[in-house]
Amino acid sequence: MSSPLWTNLFSRRESQNETIISQWLATPLFFGLNRKHCRALMPNMQRRHYQKGETIFKEGDTGIGVVLVFSGEVLICANNVELANLSNGDFFGEVALVNDEPRTADAIAKSDCDLVFFLRPHLYELMSVSPKIAAQLTLNIAKTLATRLRKTNQLAQQDG
Amino acid sequence: MVSKLLESKLSRALLIFFAMVLSLTALAFLLRPVLIPLAISLLIYVILKPLTFKLVRNGWSRAQASAFLTLLLLILFIIWSAIILPELISNLAGLKDDIQRLSSLLAVMLVDAQQWFEKWGVRLDTQKIEQLLTSQSPAINTDQLLQGGNYLVTMSTVVVLVPFITFFLIRDFPSLRSRVLNLLPNRYFELAWLIYFRVTRQLQGYLRGLFIQQTVMAMVSATGFWLLGFPAPILLGALVGLFGIIPYLGPALGLLPPALIVLSEQPDNYILLVYAVLIIVVAYMVDNFIVVPTVIAQVVALHPLLVILAVIIFGNLFGVVGMVLAIPATVSAKLIVGGLMNGLAAK
């Protein structure tokens with residue numbers, strides 16, 4: 001019979017990884033990818049813990065990755081205006097996956113939260129190792145950015 | 001005063017940079033018993049990285065790829081030990097004899113020069129010069145090199161540890177890297193990854209380029225030496241490739257061993273000396289017209305003046321090792337300080 005201590009230790013980590021995979025797969029960024037593809041990407045995913053009120057990044061910071069909210073809540077704001085309130089399963093900062101430009105808004109932890117980063121250099125590395133998956137991911141990023149652009153245009157038209 | 005100084009982004013960047021240099025030096029000091037095998041394994045990992053990616057792209061797991069590549073390395077090492085190493089050792093012994101012969105030849109020439117100078121009323125202290133020549137010769141002591149206790153200990157450590165470390169580097173490097181970089185505070189985590197990727201992309205490109213460049217140089221010159229009937233062509237070619245990693249001085253140093261052989265064995269055969277120069281020139285032409293534009297170009301974007309200054313300063317501080325490390329160290333410093341300045345400006 002296996003020791004419950006060890007079983008729990010391993011299964012907790014594994015089940016958390018599976019939850020992260022499920023959350024990524026539910027986003028439009030990972031559309032068309034399966035669990036096996038996602039599992040192969042997990043060693044490159046950076047999981048970090050932020051405390052309530054901690055700045056995740058500021059407008060103008062150099063950003064190199066998209067961030068998934070694994071647990072907790074994150075506030076996105078610019079010029080002291082609240083732009084979005086994100087909770088588990090949401091993602092932000094995908095612009096940084098495409099280019100070297102500075103972050104366009106502030107991100108602050110609204111509660112204690114766990115975030116998962118997927119970084120641009122890892123996407124480039126994926127292009128060398130699994131070009132098909134990388135191509136699908138790049139297409140998804142383009143679609144996501146196009147959707148955001150369309151929504152921004154609609155908002156601008158409504159305001160105008 | 002201090003707080004005002006720390007407000008400047010350049011001084012903050014330099015402070016962090018020097019703290020990094022200090023920490024790395026301390027780490028190198030701690031790791032010094034395994035520093036050589038670790039450095040060799042890292043070099044092999046970098047050179048084999050494109051091949052690892054190719055295998056993974058074809059459906060191999062990282063563990064399978066690392067096992068295959070380590071096995072391939074071991075086979076290559078066995079072939080090298082069985083075929084090329086004995087040849088190199090006998091060549092080295094021959095080179096030692098040539099140097100001894102050259103030193104006696106120079107002593108005779110010195111006596112002639114003394115007589116010639118005395119005709120003009122100038123007196124040379126030939127004893128001192130001769131003493132200097134004999135103390136410098138033989139420059140390559142093969143007995144010491146191959147039978148010294150330290151050499152055997154170092155070699156056996158390298159032979160045992162390198163395949164072991166290389167296997168784990170190929171298999172686990174991404175997760176090891178993530179664990180180390182995850183130790184950084186949240187605020188600097190993205191900046192650290194950005195600088196890490198910029199520095200390693202340039203360094204890895206430079207190292208792979210340098211490896212290909214010197215292998216081509218060694219092969220071209222060894223073929224040339226072999227075709228024109230020079231003794232020990234493999235050793236001479238290998239030395240051209242090895243010296244080639246020293247910026248600017250490489251070609252001159254690469255010419256030294258064949259010139260020594262010609263001067264000691266056939267001192268009047270100037271044609272053979274011209275051939276030796278020609279072989280080196282051809283090797284460097286192949287390098288400059290084929291290898292550099294296709295492999296090296298754009299890998300390291302450094303101003304030539306900065307390269308020369310770096311080579312002189314590092315050479316002065318750390319000798320030949322410093323000259324070899326001058327370019328990668330300068331590239332790293334430039335990227336780290338530049339990256340820190342950009343990143344810290346926003347914070």
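The side chains of A:Glu125 and B:Arg177 form a salt bridge, 3.6 Å from N to O. The term covers a side-chain nitrogen of Lys or Arg within 4 Å of a carboxyl oxygen of Asp or Glu. Side chains of opposite charge can pair when their charged atoms come close.

This is a predicted model, in which local features need pLDDT of at least 70 and side-chain atom pairs count only at pLDDT 80 or more, while totals for chains, interfaces and linings use all residues. Residues are numbered from 1 along each chain as its sequence is written, chains are lettered from A and ligands numbered from 1 in the order in which they are written, and side-chain values use heavy atoms, with hydrogens and water left out.

Start with chain A. Chain A holds 4 helices and 8 strands. Both kinds of element are DSSP runs, numbered from the N terminus: helices are H or I with at least four residues, strands are E with at least two. Along the sequence the pattern of chain A reads α-α-β-β-β-β-β-β-β-β-α-α. Its C-alpha trace spans about 70 × 40 × 25 Å along the principal axes.

Now the strands. Two strands pair if DSSP finds at least two bridges between them. One open sheet of 4 strands in chain A runs in the order β2-β7-β4-β5, with antiparallel pairing. Its edge strands are β2 (55–57) and β5 (81–86) of chain A, and each pairs on one side only. From one strand to the next, the twist averages 30°. Here, axes are lines fitted to C-alpha atoms (for helices, over the stretch in contact), and angles run from 0 to 180 degrees between N-to-C directions. β2(A) pairs with β7 (residues 106–109) of chain A in the antiparallel sense, over 2 bridges. At one of them, A:Phe57 has A:Ala107 in β7(A) as its bridge partner.

Another open sheet of 4 strands in chain A has the order β1-β8-β3-β6, again with antiparallel pairing. β1 (46–50) and β6 (91–92) of chain A stand at the edges with a single partner strand each, so one side of each has no neighbour in the sheet. Strand β3 (residues 65–71) of chain A is joined to β6(A) by 2 bridges, and the two run antiparallel. There, A:Leu68 stands opposite A:Phe91 in β6(A).

α8(B) lies across β1, β3 and β8 (113–119) of chain A, running at about 155° to β1(A).

Over all chains, the structure has 7 salt bridges. In one of them, A:Arg35 pairs with A:Glu18, the closest N and O atoms being 3.0 Å apart. A:Arg35 lies in helix α2 (residues 35–41) of chain A and A:Glu18 in helix α1 (residues 4–26) of chain A, so the pair ties together parts 17 residues apart in sequence.

Terms used:
Contact = heavy atoms within 4.5 Å.
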